[in-house]
Structure formats: structure tokens, C-alpha cells
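I opened my notebook to look around a structure that is new to me. I wanted to see what packs against what.

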Amino acid sequence: MGARTLNSVVVITVALVAAAAVANASPASRSSFGVGVSAYPFDDASYNYCVADYPDDQTYNAVPDAKLELVQVVVRHGDRTPVHLLSNDNTTWTCDEVAENIYLNGADQPATNTTGAFRQLIEIPSWNGKYGYSNQVWRGSCDVGQLTDKGKSQHRLLGSKLRGIYIDKLGFLSAQLNNTDEIYARTTNVWRTKNSAESLLGSLWPKREITPQTAIPFHTYPKEIETMYGNSDACGKIRTLESKIVDSEQFQAFLKDQGPLMARLSGIFDVSGSDWASSWDGYMDILQARHCHGVDLPCSERASISGKSTPKCATAEDLTQVARNSHYEWTFKYRDHPLSHNYLRLVTGSLLGTLKDQVQEHIAGKTGNLKLALYSGHDSTIWPLLAAFQASNKNMLWPPYASNILFELWKKNDGSRVVRVIYNGQVLKAQPEFEWCDLNACPLDTFYKHLDEYIPESIVTECAQ
């Protein structure tokens with residue numbers, strides 16, 4: 001675990017203004033968010049940010065009297081280094097086992113390796129303090145936000161679990177991938193999501209031939225048009241709606257109540273700015289990434305508030321409370337504010353529409369031999385999808401590393417179709433008061449009638465309104 005035992009729980013009294021009831025509104029806007037952090041029913045006793053639970057072939061059962069037709073898998077990347085940097089960080093991060101051998105195709109022969117193989121290595125020189133910028137990054141062999149050795153292993157294990165279900169148990173996928181038409185893979189254009197997908201698929205189909213002809217295509221969008229997370233650069237209205245949610249009376253009361261903790265940690269981390277004053281994202285990233293590797297939590301000799309002496313190191317209690325504050329923040333933004341419905345349409349509506357279109361094209365016989373579609377993304381890919389399903393509080397906790405959502409399309413013997421949704425090894429549960437369908441076998445029409453509430457007819461038009 002590391003230098004600190006992280007089993008303490010701090011309870012901080014919170015007084016938030018109760019959210020006003022919104023009659024005749026969407027389920028998201030009717031959700032109750034009238035209790036503070038200390039009273040909120042997180043259902044987080046078994047929560048582990050460091051790694052998600054996996055589907056298991058020993059407990060997995062097929063839908064009765066039905067045939068599996070298509071599986072769509074949406075995953076978060078595995079364990080990574082932090083994306084927020086601290087000045088004068090002496091932590092060592094090692095990514096020696098995450099390396100790619102790469103080559104370029106010849107222009108005249110696209111499927112031929114004409115350059116030989118190359119390998120990219122991240123180097124942080126030991127002399128960095130003399131000639132470089134040693135106070136800007138940690139020590140070791142990892143880039144910022146890079147998949148670690150542990151993250152690679154997490155997705156290799158997930159791939160083996162999927163093999164146990166869809167190949168060994170069901171015989172749905174081919175035991176050997178001789179035809180890449182069976183798989184569609186899309187990742188964000190980020191190193192850690194691509195490496196996670198490589199690890200997963202390498203374990204789902206181990207010992208594949210390494211030839212240009214058998215290479216699995218990875219589809220990526222330019223970041224300017226990416227739709228696997230809320231693209232606020234392409235759709236400025238996302239920022240506008242989020243600002244309105246943050247400025248709401250409930251959220252401001254939450255920030256005020258937790259302000260002393262935020263101020264103390266920002267002093268320890270030596271950070272400032274609007275992002276550090278209005279969101280718990282950076283604090284979650286800095287603390288959890290270190291916790292997952294048993295690394296000491298940050299300390300600072302300069303930490304003080306208004307001249308008063310305060311603890312100079314982040315603590316296990318801080319980590320617990322920051323996690324709860326982060327769960328609370330994003331559940332409010334994605335699911336429980338009156339504007340959450342409109343916000344989700346812009347954040348995840350395009351991805352939901354893509355998943356729906358793929359299913360419809362499959363049913364229409366337009367996807368050829370496709371059986372498995374993999375979408376490798378981020379926590380900001382997984383979490384909005386869960387909110388659109390009105391997921392329970394337990395399932396709305398910050399998605400752990402290697403979180404996975406399985407969308408299974410089944411055709412029953414009577415010709416009807418149903419969808420099953422499995423999140424981190426369990427059939428997804430909605431909030432009890434908004435249980436709109438049994439997601440173990442939800443009729444296809446019911447499934448998409450609900451999701452259509454979140455799929456815009458024109459994302460460009462809605463962003464411009």
C-alpha cells in the first residue's frame with residue numbers, strides 16, 4: 001500500500017441548499033440532490049479507483065432462448081501517470097514495459113514494412129537539473145498521462161476475461177483472428193487509450209501473426225472533432241452549460257462547505273487558478289495516481305492558510321474525502337442538475353448515436369462479419385454514458401482504471417431483440433426511482449426510446465443554439 005494506510009474515513013458536516021423539484025421534466029432533472037456530502041448515499045464501501053472489476057466467465061450466463069449477435073465494448077484506459085504536474089516532484093514513475101515497435105509502410109506498397117522497426121523511449125535525463133527543467137516533471141521513464149506497466153496488465157487481464165466469455169464459453173468470436181473484419185476498434189488519439197486497446201486485443205486474441213496484412217485497424221478522430229468525450233472546443237455550449245451548473249446555488253454551497261479542504265490541498269500542491277477553485281478533478285488525479293502505486297502523498301513546507309499552521313502533507317483522510325467530493329461533483333453535473341439532460345446531449349449524445357447506428361446497420365446486414373466493436377477512451381467517456389442510463393449511485397462513482405461497459409445485442413427465438421448492459425462485471429442498475437428497463441434483457445425498442453432522449457438530431461445545431 002505504501003507509506004500510509006488508506007483506510008480512514010473522515011466525515012465532514014455539510015449544509016447544502018436543497019435542490020428545487022422540477023416537475024414534468026426529464027429523469028435527470030427530477031433527481032434529488034438535496035443532501036450534502038456527509039449524508040449522501042454514495043454506496044462506496046467496495047469502491048476501488050485503482051482497478052475496475054472484470055466480467056467473469058464463471059458467473060456469466062447467456063440470455064435464455066437467444067443468440068448473441070453483436071458486442072460493443074467501451075473501456076477506460078488502464079492505470080496511468082498523473083496528468084497534473086507538481087513543481088519539484090521527486091516521485092519516480094516507471095513505464096519500461098510499455099513500448100511499441102513501429103515502422104512505416106512504403107508509399108508504393110502500403111502493406112510492406114520498408115523502414116525497419118523503431119522503438120520510442122521516454123527519457124528524463126539524470127542531469128536534467130543542470131541543463132534542463134527538472135522542476136517541471138518527475139523522475140523515471142514515463143510521460144505525463146502515460147499508461148503504466150500496471151495499466152497494460154489491467155487491460156491484458158480484461159482481454160483474457162472477454163476471451164473466456166466470448167470465445168471459450170460462447171464460441172461467439174473466432175478463436176484465432178484470421179479476418180480483421182470481425183473487429184472494429186476506435187480509440188481517442190491519445191497514447192494511453194491506444195496502448196490499452198492494444199493490450200486488451202492482444203490478450204483477447206493472443207499469438208496473432210505480426211504482419212501488415214493482419215494488423216487490426218485503429219480508427220481515431222482528430223481531436224478537433226472527437227466525440228468520445230465532451231468536446232468543448234468544438235461545442236462551446238458545453239462550457240456554457242457546465243458554467244451554469246457550477247454557478248448554481250447548490251454547487252456553490254458545496255464548494256463553500258468543502259472550501260477549507262480545497263484551500264489546504266492547493267497550498268500543499270502549490271497550485272492556483274480557477275480550475276483548482278471550482279473542481280476536484282486535479283486533486284483526485286494527484287492523490288489517486290500516487291495512492292494506486294503506494295507512493296507517498298504530496299507534502300509541502302510552505303502549506304499554510306491565513307498564517308495558521310496546518311498539516312503539511314496530504315493524508316489518507318484527504319484522499320477519501322476528495323474521492324467523495326469528486327463523485328458528488330460529477331454526479332451532480334452529469335445526472336442530477338436540471339440542466340444535466342441538455343448537458344449530456346452535447347457531451348455523450350454523439351457517441352450514443354454512433355453506437356445506435358452501428359447496431360441498426362448490423363441488423364440491416366450492412367456491417368459484414370462484424371461481431372465486436374471496441375471503443376477505448378477515458379473516464380469522461382464512461383461516466384456520461386452511465387448517467388444517460390440513470391445509473392445508481394454505486395455505479396455513478398468515478399469510473400476506475402480499466403472500467404468496461406459491455407453492450408450485448410441478442411436475438412431471441414421469437415425474432416425480437418434485447419440489449420444487455422454489463423458494467424464492470426455486473427448488469428447495470430438504474431436508480432430505483434428511475435428504473436426504466438431491466439438492463440439484463442431490455443427490449444431493443446425500449447432501450448433506444450430512452451437513449452433517443454440524449455441523441456441530438458444535429459449536434460452542430462444544438463451547439464449553436
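I began with the buried residues of helix α14, which pack against α12 (349-363), α13 (379-388), β11 (404-412), β12 (417-423) and β14 (442-443). Here buried means under 20% relative accessible area, exposed over 50% and partly exposed in between, with a 1.4 Å probe and protein chains only. Helices (H or I, at least four residues) and strands (E, at least two) are DSSP runs numbered from the N terminus. The model is predicted, so I noted that local features need pLDDT of at least 70 and side-chain atom pairs pLDDT 80 or more, while totals for chains, interfaces and linings use all residues. Residues are numbered from 1 along each chain as its sequence is written, and side-chain values use heavy atoms, without hydrogens and water.

**Helix α14**

Which residues of α14 are buried? I found Leu444, Phe447, Tyr448, His450 and Leu451, in a helix that covers residues 444-451. They line one face, because they fall within an arc of 155 degrees seen down the axis of α14. The arc is taken from the directions from the helix axis to the C-beta atoms. Asp445 and Lys449 are exposed on the other side of α14.

**Phe447 and the cores**

I followed Phe447 next. Beyond its neighbours within four places in sequence, Phe447 contacts Phe389, Phe407, Val419, Val421, Trp436, Leu439 and Cys442. Contact means heavy atoms within 4.5 Å. Phe447 is also among the residues with the most contacts inside the largest nonpolar core, together with Leu265 and Phe269. That core has 87 residues. A nonpolar core is a set of buried Ala, Val, Leu, Ile, Met, Phe, Trp, Tyr and Cys residues joined through side-chain atoms within 4.5 Å. Helix α10 (residues 316-336) gives this core the most, 7 residues.

**α10 and α11**

I stayed with α10. Its axis comes within 7 Å of the axis of helix α11 (residues 340-347), and the two cross at roughly 90 degrees. Axes are lines fitted to C-alpha atoms, for helices over the stretch in contact, and angles run from 0 to 180 degrees between N-to-C directions. The helices are therefore roughly perpendicular, a label for 65 to 115 degrees.

I checked Ala66 in strand β1 (residues 66-76). Is Ala66 buried or partly exposed? Its 22% relative accessibility makes Ala66 partly exposed. The C-alpha atoms of Ala66 and Lys412 are 3.9 Å apart, across 346 residues of chain.

Asp285 is buried, at 4% relative accessible area. Setting aside neighbours within four places in sequence, Asp285 touches Arg80, Pro82, Val83 and His84.

Methods. Angles under 35 degrees count as roughly parallel, over 145 as roughly antiparallel, 65 to 115 as roughly perpendicular and the rest as oblique.
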